[in-house]
Amino acid sequence: MARYAIGLVLAVSVTFVLLWGMQMLITGGKDVLTEPPRGNVLDFIRLKKDETVQKKERKPQKPSKPQAPPPQMQQPQMQQANPNAEAISTSFSADIAADTGLSGGLSLDSGDGDYLPIVKVAPIYPRRAQSRGIQGYVIVEFTVTTNGSVRDPKVVEAEPADIFNRAAMDAALKFKYKPRVVDGTPMEVAGVQNKITFQIDG
């Protein structure tokens with residue numbers, strides 16, 4: 001019985017002491033919140049350094065000089081002023097014979113009034129005939145107009161047939177003439193014939 005009485009007294013005493021201690025802590029905590037902090041407070045402020053932008057000027061580099069000058073391009077000879085001249089390309093030669101007309105044509109006795117060839121263009125050798133080694137000629141007949149151009153070309157004779165016809169007529173359309181003049185008036189000349197020979201160089 002005495003043990004219970006002693007235990008009860010100790011329990012009451014310990015409880016009182018704990019409550020008193022908690023009360024002191026609570027009271028002391030309020031003063032901490034209200035009082036200003038004691039001591040020195042250091043504020044750290046980070047300053048940024050002035051950044052200087054460096055500008056670099058890039059000078060364009062001079063192109064290096066070529067070691068050797070480029071080769072000069074050779075201009076192909078496309079026009080022939082002489083009707084009897086031979087037009088030569090890289091892989092073939094086309095002979096353009098002199099013009100002959102049914103209504104006058106070239107004549108030394110006619111004077112300056114007759115038509116005269118000024119420009120003759122070499123024909124283009126057909127690729128199919130060139131690859132097969134085919135050669136031949138075409139006689140083309142056409143009309144020289146009042147302004148010296150060629151009109152209505154047609155094939156009179158061809159050997160072999162239908163191989164060089166188109167190339168010969170296309171070349172004839174590019175011919176240029178001095179028109180025939182009668183009494184100061186330009187006249188058309190029909191029936192002018194021209195022989196174009198297709199021959200592979202070799």
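This is a predicted model: local features need pLDDT of at least 70, side-chain atom pairs count only at pLDDT 80 or more; totals for chains, interfaces and linings use all residues.
## Salt bridges

The structure holds five salt bridges. In one of them, Asp-114 pairs with Arg-180, with 3.6 Å between the closest N and O atoms. This pair links distant parts of the chain, 66 residues apart. Asp-114 lies in the loop between strand 3 (92-96) and strand 4 (116-121), while Arg-180 belongs to strand 8 (residues 180-182). Asp-114 has a relative accessibility of 6% and therefore counts as buried. Arg-180, with a relative accessible area of 24%, is partly exposed.

Arg-151 is partly exposed, because its relative accessibility is 33%.

Another salt bridge joins Asp-170 and Arg-166, at 3.6 Å from N to O. These two residues are four residues apart in helix 3, so about one helical turn separates them. Asp-170 is partly exposed, with a relative accessible area of 33%, whereas Arg-166 is exposed at 54%.

## Aromatic pairs

Six aromatic pairs are found in a search of the whole structure. The ring centres of Phe-142 and Phe-175 are 6.3 Å apart and the planes stand at 75°, so this pair is edge-to-face. Phe-142 is in strand 5 (residues 136-144), and Phe-175 is in the loop between helix 3 (165-172) and strand 7 (176-178). The pair links distant parts of the chain, 33 residues apart. Both residues, Phe-142 and Phe-175, are buried.

Phe-164 and Phe-198 form a stacked pair, with 4.4 Å from centre to centre and 10° between the planes. Here too distant parts of the chain are linked, 34 residues apart. Phe-164 sits in the loop between strand 6 (150-159) and helix 3, and Phe-198 in strand 10 (residues 189-200). Phe-164 and Phe-198 are buried.

Ring pairs also connect Phe-142 and Phe-175 with Tyr-115 and Tyr-177 in a cluster.

## Charges over rings

Phe-175, a member of that cluster, also has a charged group over its ring: the charged end of Lys-120 sits 5.4 Å from the ring centre.

Note on methods:
Residues are numbered from 1 along each chain as its sequence is written. Side-chain values use heavy atoms; hydrogens and water are left out. Rings of Phe, Tyr and Trp (its six-membered ring) pair if their centres lie within 6.5 Å; planes under 30 degrees apart count as stacked, over 60 as edge-to-face and the rest as tilted. Buried means under 20% relative accessible area, exposed over 50%, partly exposed in between (1.4 Å probe, protein chains only). A charge sits over a ring if NZ of Lys or CZ of Arg is within 6 Å of the ring centre and within 35 degrees of the ring normal. A salt bridge is a side-chain nitrogen of Lys or Arg within 4 Å of a carboxyl oxygen of Asp or Glu.
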